[in-house]
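User: I'd like to check the labels on this structure one at a time. Please give the cut-off behind each of them.

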Number of protein chains: 2
Amino acid sequence: MPHEVLIVTEAELRRVVPLDMASIDTVERAFAALGAGGVVMPPVLSMELPEVHGEVDVKTAWLPGFDGFAVKVSPGFFDNPKLGLPSLNGLMILFAAGTGLVQALFLDNGYLTDVRTAAAGAVAAKYLAPETVSTAGVIGTGVQARLQMRAAHLVRPFERVLVWGRDAKKARACAEDLAAALGVDAVPVDDPARLVAQSQLVVTTTPAREPVLRAAWLHPGLHVTAMGADRSGKNEIEARALAEADLYVADNAAQCARLGELRAAERAGLWTRGLPPELGQVVTGAHPGRTDDAQVTICDLTGTGAQDTAIATHALRATQAAGAGIRIET
Amino acid sequence: MPHEVLIVTEAELRRVVPLDMASIDTVERAFAALGAGGVVMPPVLSMELPEVHGEVDVKTAWLPGFDGFAVKVSPGFFDNPKLGLPSLNGLMILFAAGTGLVQALFLDNGYLTDVRTAAAGAVAAKYLAPETVSTAGVIGTGVQARLQMRAAHLVRPFERVLVWGRDAKKARACAEDLAAALGVDAVPVDDPARLVAQSQLVVTTTPAREPVLRAAWLHPGLHVTAMGADRSGKNEIEARALAEADLYVADNAAQCARLGELRAAERAGLWTRGLPPELGQVVTGAHPGRTDDAQVTICDLTGTGAQDTAIATHALRATQAAGAGIRIET
């Protein structure tokens, strides 16, 4: 029996699925579902391709209360830049939650992942950052540095943003882009310790394999979101910071123990409390979030299939509302 | 940087990718690659969805010598027939082997899986059935019963086919279809023991959870391909048949131990030889196949991502050659 599939390109998705409160609300709903239980989210399927310097990840999750579930395929081929091609690509497929029929193909080349990743940062900031954030800081100068600050600004409208990266020129460019996008004072800094000292909210967005944020830099009234580590061996936050913080939460505790900041801390013997609370439990209220403005909080984001399902169902509604996409009978 | 993606519907695929020697040759090449080594094929990602009586499997494999690799998503939602929808659906995505860029989306609703599954049966028959097969038998009366016999006939042009199923009416319909498709004598039979006794090649194509083919029925000069079991708990061949055969080969030994006939045999303590040889090793000659016409051989097919990659790369070439599909810039 033929049915209709909607095909949506990256250009259309950039138009109809901006990083806005609607995207953040959808991703918050995904965390609420994770916190409430009933989510089916198998471990990531990972295929390493050393022969072509590549890797492929497949994520999926089925969430109660969502009309569809996404399967996301994310290839990373790290010799592509030599050919003038981006390293990261991929697409999302949305299936009907009740029948498994293909509903939509999002040829997003990773755009929806960018949005849902930044949106998770906003959810973390909403529940864990101090009520008032006058200065935010970002470590790293890439796409997520920009998107994380734009997302954070929607939930904590800071007046100033500090940017640090290993490459001062890139930090300057990132600060300029943020000043233009947010209309805030945006300052490249040459010392990450100073960035942390002056900020109430810091997001780390690097592929670092050695910590870029030291435990000694933690100070009362600071929230840190670490979103760079998503693969075993990556590590942005000095291990003992996790135990020293008043609250350390994971997007997915088991996954953070494998791929996130928690891995290094457990291996160093500096985290001995077993699985930490999850962001979803903070969203539902099952676990307290920040309870006073002087606390130090850390959130570890490795990326979940639940976020993909959330952003893909949102993208379908947004595409249909805009009359966008190409309809194919199959 | 925009690139072109080819989108191909089930109707077009049925036209440009028939079950023919070209499909069988491609799948044979996949088994040769599995036998030669260098294939990267992670375990199947399986998501069980009891709440909606569904399951979703994701398979992939990267094969040296193939231009692309496929990711296949196969949802099975078993309440769909109540809604007038098929239980099985899904699609394949083909990525460039060297860059990970999306090349094609095959909205096949499982059609390419049907073809590559039947093609694997033909590869098994080519390497394991006696040189001369005058009578073939099929147990089961569904889509694969028909396709397996059509595929087998391409490599062993038998004159007569016997069909047995629990439902005599369906067995009659299947025999009529096979007579029309192959121009052979096709006979529904009421006793599977008689079917096996009279056949040199038997394919079992059922979702049985209790054996439908008894060890006592094995006879000199018989080859059996069991393709029904693809999930833990399914079982078509009586356990001791595996050990009693002169040769028992698996499409993927580790997977057959989890999902195929091997599982029941090992659990019953009736297979104690560890991992069996694989069909790919027989194709490359690394392991002997049938060495005389009187031997009894059994091949256990559970389905591999390597076959999906093979049929998807073949489907891309066939679609391009036919000028079919819809091109989208993304």
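User: Which residue stands opposite B:V249 in β13(B)?

Analyst: B:C299 in β13(B) stands opposite B:V249. This is a predicted model: local features need pLDDT of at least 70, side-chain atom pairs count only at pLDDT 80 or more, and totals for chains, interfaces and linings use all residues. Residues are numbered from 1 along each chain as its sequence is written, chains are lettered from A and ligands numbered from 1 in the order written, and side-chain values use heavy atoms, without hydrogens and water.

User: How do you know that β12(B) is joined to strand β13 of chain B?

Analyst: Two strands pair if DSSP finds at least two bridges between them. Here 4 bridges join β12(B) to β13 (residues 297–300), and the strands run parallel. Strands are DSSP runs of E, at least two residues; helices are runs of H or I, at least four; both are numbered from the N terminus.

User: Which way do the residues of β12 of chain B point?

Analyst: B:L247 and B:V249 point one way, B:Y248 and B:A250 the other. All are buried. In a regular strand the side chains alternate between the two faces of the sheet.

User: Why is B:V212 called buried?

Analyst: Its relative accessible area is 17%. Buried means under 20%, exposed over 50%, partly exposed in between (1.4 Å probe, protein chains only). B:V212 is therefore buried, although it is found in the loop between β10 (201–204) and β11 (223–226) of chain B.

User: What makes A:E28 and A:K126 a salt bridge?

Analyst: The N to O distance is 2.8 Å. A salt bridge needs a side-chain nitrogen of Lys or Arg within 4 Å of a carboxyl oxygen of Asp or Glu. The pair links helix α2 (residues 21–36) to helix α3 of chain A, 98 residues apart. A:E28 is buried at 11% relative accessibility, whereas A:K126 is partly exposed at 34%.

User: How do you know that A:D190 forms a salt bridge with A:R194?

Analyst: The closest N and O atoms are 3.9 Å apart, so the pair meets the cut-off. A:D190 is exposed at 65%. A:R194 is partly exposed at 38%.

User: Where is B:N109 found, and is it buried or exposed?

Analyst: B:N109 is found in the loop between β6 (102–107) and α3 (111–128) of chain B. At 18%, B:N109 is buried.
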